Amino acid sequence: MKNRIFITMLLLLAILSLFAGLKVQPVMECVISNGDGTWTAHFGYLNENPNVLSIGIGVHNKFVGTPSEDMGQPTIFQPGRHEFEFSVTFNDGDNFVWSLSGPRGHGSVNANSSSSACPRGSDSDEDGVEDQYDEYPDDMHRAYNNWYPSAEEDEWGTLAYEDYWPFQGDYDFNDLVIDYRFNLVTNGSNLVIDVNGYFKLRAIGASYSNGFGIEFPFHADSVEVAEILPASMNSVLESSNTNLVILFFDSSKDYMSPAGEDFFVNTDPEESWVNTFEFSLAMTLYPTQNINNLVWLAPFNPFIFIQGERGKEVHLAGYPPTVSADRSYFGIGDDDSNLSQERYYKTAGNLPWGLNLPATWAYPTERTSITEAYLYLADWAQSNGEQHTDWYENAGGNTDESKLYIEP
Ligand SMILES: [Ca+2]
Ligand SMILES: [Ca+2]
Ligand SMILES: [Ca+2]
Ligand SMILES: [Ca+2]
């Protein structure tokens, strides 16, 4: 009799210890400094039971020291060791504890700035890009920033237009001047996820109030969401059977007006300086566009439309009109476009009506022809861009500086 009780107790103990060993254990993998006073802690778990176990959020599955006991931790635990299942962001000085308890969980782990750091070479979000190269190490949908013209924060590109097209007119290239920066965020497979654009309207040296748009090298169906700020701009996304076109505004003077009795905005040195107008685009795409296959990179195919006339588009030299352009203007005046030969927006001497420059460009003063301000533009254009490639830099004898508008 004593033996039977003893054996039964042994069996019970064995079963109990078996259960104890099969409880899910929380694991704190490592922490990564985000470099801004915040940290990201990565957690996983170990479930040695051959079956899936479930532990709901609450007394048996909770975080302590956090804003909520639910910090996105799992409630369903698959068999085996599961690394980097979820992450939690914390601040310097915080100490976060994840504890599992009750009949199915056992153990608690903590994370703070002294916890073991993630080793270099790990891929926390498992997007195939190691943390050290991943600019979004906790976002499996994003991996790289691709900045245009440069990742340097204060480096902008300039778009400058002449609105006398299809005539050269005064050819002062300051009728609409917009600076830009773009960041194309790609994932681990080089697919574009975000198209983020930042713009500064700098000058309106025009009697016309012109519109500004960009044609993108993908269909409107590729766009998951797009936001243009400030929302008061009433921008238009044109979806057609071809490429997405965004019309940011149709009348530049709605956003920058000449000061007082002045006539121009930031092109006449005798007139008052007007603050730039900043706007932005934040667009997220479905992951279908490989950055290496885009026919145009940022700033894509930007154009003005003269005096708000939608069809009267002026693009950079060599860039095609959109489907909405009025083609009857081509070949008039100084325009030497030839649509069948894909020759667009050039004079017979290859001079443009739109310029895209990889710097904050000093444009000519009002009614000064660019060819008087920039002495090698014509040579550059006639050589098809092979000579005087730095013609637009205000240095090395390239310019007549007295004819450039210098911001006060
Ligand atoms: Ca990664
Ligand atoms: Ca990533
Ligand atoms: Ca002009
Ligand atoms: Ca002008």
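**Figure 1. Asp254 and the loop that holds this residue in the predicted model.** Asp254 belongs to the loop that connects strand 16 (243-249) with strand 17 (277-285). Asp254 counts as partly exposed because 14 C-beta neighbours lie inside 10 Å, whereas a buried residue would need 20 or more and an exposed one 12 or fewer.

**Figure 2. Asp254 and Ser116, two residues 138 apart along the chain.** The view takes in the C-alpha atoms of both residues. A distance of 55 Å lies between the C-alpha atom of Asp254 and that of Ser116.

**Figure 3. The two domains of the protein chain.** Domain 1 covers residues 2-111, and domain 2 covers residues 144-403. The centres of domain 1 and domain 2, taken over C-alpha atoms, are 56 Å apart.

Figure 4. In general, the strands of a sheet pair through backbone hydrogen bonds, in either a parallel or an antiparallel manner.

**Figure 5. The pairing of strand 1 with strand 2.** Strand 2 comprises residues 38-47 and runs antiparallel to strand 1. Eight bridges join these two strands. Within this pairing, Ile32 has Thr40 of strand 2 standing opposite.

Terms used:
Residues are numbered from 1 along each chain as its sequence is written. Chains are lettered from A and ligands numbered from 1 in the order in which they are written. This is a predicted model: local features need pLDDT of at least 70, side-chain atom pairs count only at pLDDT 80 or more; totals for chains, interfaces and linings use all residues. Domain bounds come from an automatic or database domain assignment. Two strands pair if DSSP finds at least two bridges between them. Helices (H or I, at least four residues) and strands (E, at least two) are DSSP runs, numbered from the N terminus.
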